[in-house]
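Have the structure open as you read.

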Amino acid sequence: MTELPNVHVRAEVLAQALPHMQRYDQEIVVIKYGGHAMGDRAAAEDFAEDIVLLEQSGLKPIVVHGGGPQIGKMLDRLGIQSEFRGGLRVTDEATVEVVEMVLAGLINKQIVGWISAEGGRAVGLCGKDGNMVRAKRAMKTVVDPESHVEQTVDLGLVGEPDHVERGVLDAVLKAELIPVLAPVAYGADGQTYNVNADTFAGAIAGALRAKRLLLLTDVPGVLDKDKKLIPELTVEDCRRLIADGTITGGMIPKIETCMYAIERGVEAVVILDGKVNHAVLLELFTDYGAGTLIRRG
């Protein structure tokens with residue numbers, strides 16, 4: 001990734017933008033927004049400005065957001081103790097109420113407000129609205145740190161997308177509004193489920209056959225064993241790098257989301273650093289790129 005001085009980033013982007021804008025005209029781009037960049041007000045305002053510019057340039061952006069740190073702070077403030085299994089937080093009834101309050105309420109409306117302040121027209125939704133996303137209970141497989149044996153862990157009301165009904169999103173996009181989506185959904189059992197934001201974004205992108213899925217993270221992208229950025233990968237490369245131990249830990253589920261989305265018709269997925277100023281514009285509208293691009297092959 002080429003570093004650009006922050007004060008010149010937007011000028012550099014706009015100077016190169018026209019041919020890239022034409023490539024993405026009227027195309028859907030799903031952007032998962034999360035990580036520490038969400039907690040920085042200036043970075044959040046820059047992100048909102050970028051989303052408005054995308055929409056004004058003829059793209060159809062859809063924002064999916066997380067909010068793990070904010071949920072943790074609210075649980076602490078309310079004195080709700082969390083149980084952990086296999087190092088992962090269990091979502092019980094009390095916790096999922098806080099998750100929905102923070103994600104579909106506080107954070108969702110903050111992002112809508114930031115986009116509105118930059119001149120955009122955004123609408124905040126969650127997976128429950130219009131039965132947009134139906135979820136099922138997710139069972140996670142973790143490795144016990146002492147025995148090194150894999151075990152299946154029940155995380156309670158943690159879900160994964162089971163079905164996406166795209167009609168609501170099609171209607172919102174047709175009205176030239178910017179959807180901002182919180183990853184909370186109903187299950188067929190009537191329960192509310194907390195869904196990982198990356199997974200939620202991948203399901204949305206796949207259902208809409210998006211041109212691009214961008215996963216904004218706290219790292220530059222996928223790194224090799226020397227900790228250097230890998231600019232581009234195929235799905236087969238991803239499988240190989242997981243098998244040989246190059247891709248490990250929390251990057252594995254992100255890569256699995258990328259492969260899932262591509263297999264469902266997304267042209268390409270990019271994992272990029274959300275802390276880089278105007279990272280979304282750099283990736284879409286310049287030749288620099290801003291992370292690791294993953295294609296079918």
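## Helix pairs and loop residues

H3 and H4 cross in a right-handed way, meaning that the near helix is turned clockwise from the far one by less than a right angle, with anticlockwise counting as left-handed. Before going further, note that this is a predicted model, where local features need pLDDT of at least 70, side-chain atom pairs count only at pLDDT 80 or more, and totals for chains, interfaces and linings use all residues. Residues are numbered from 1 along each chain as its sequence is written, and side-chain values use heavy atoms, with hydrogens and water left out.

Helices (H or I, at least four residues) and strands (E, at least two) are DSSP runs numbered from the N terminus. The two pairs line up like this, with axes fitted to C-alpha atoms over the stretch in contact and angles running from 0 to 180 degrees between N-to-C directions:

| Pair | Angle | Axis separation |
|---|---|---|
| H3 (residues 68-78) and H4 (residues 93-117) | about 125 degrees | 10 Å |
| H7 (residues 235-243) and H8 (residues 251-263) | about 155 degrees | 10 Å |

H7 is therefore roughly antiparallel to H8, while H3 and H4 are oblique to each other. The cut-offs are under 35 degrees for roughly parallel, over 145 for roughly antiparallel, 65 to 115 for roughly perpendicular, and oblique for the rest.

So who touches whom? Contact here means heavy atoms within 4.5 Å. On the H3 side you'll find Gln70, Ile71, Met74, Leu75 and Leu78, and they meet Thr95, Val98, Val99, Met101, Val102, Leu103 and Ile107 of H4. Sorted by class, that contact has ten nonpolar, two polar and no charged residues. Nonpolar covers Ala, Val, Leu, Ile, Met, Phe, Trp, Tyr, Cys and Pro; charged covers Asp, Glu, Lys and Arg; the others, Gly among them, are polar.

H7 passes H8 in a left-handed crossing. Val235, Cys238, Arg239 and Ile242 of H7 make the contact with Ile252, Ile255, Met259, Ile262 and Glu263 of H8. This one has seven nonpolar, no polar and two charged residues.

Buried means under 20% relative accessible area, exposed over 50%, and partly exposed in between (1.4 Å probe, protein chains only). After H8 comes Gly265, with a positive phi near 110 degrees.

Back in H4, there's Glu93, partly exposed at 43% relative accessibility. Its C-alpha is separated by 8.6 Å from that of Gly156, 63 residues apart along the chain. Leaving aside neighbours within four places in sequence, Glu93 is in contact with Leu157 and Gln191.

Most residues other than glycine have a negative phi. Asn131 has a positive one, near 55 degrees, in the loop between strand E5 (122-126) and strand E6 (133-143). Lys227 has a positive phi too, about 65 degrees, and is found in the loop between E11 and strand E12 (232-234). Asn131 is exposed at 58% relative accessible area, and Lys227 is exposed at 65%.
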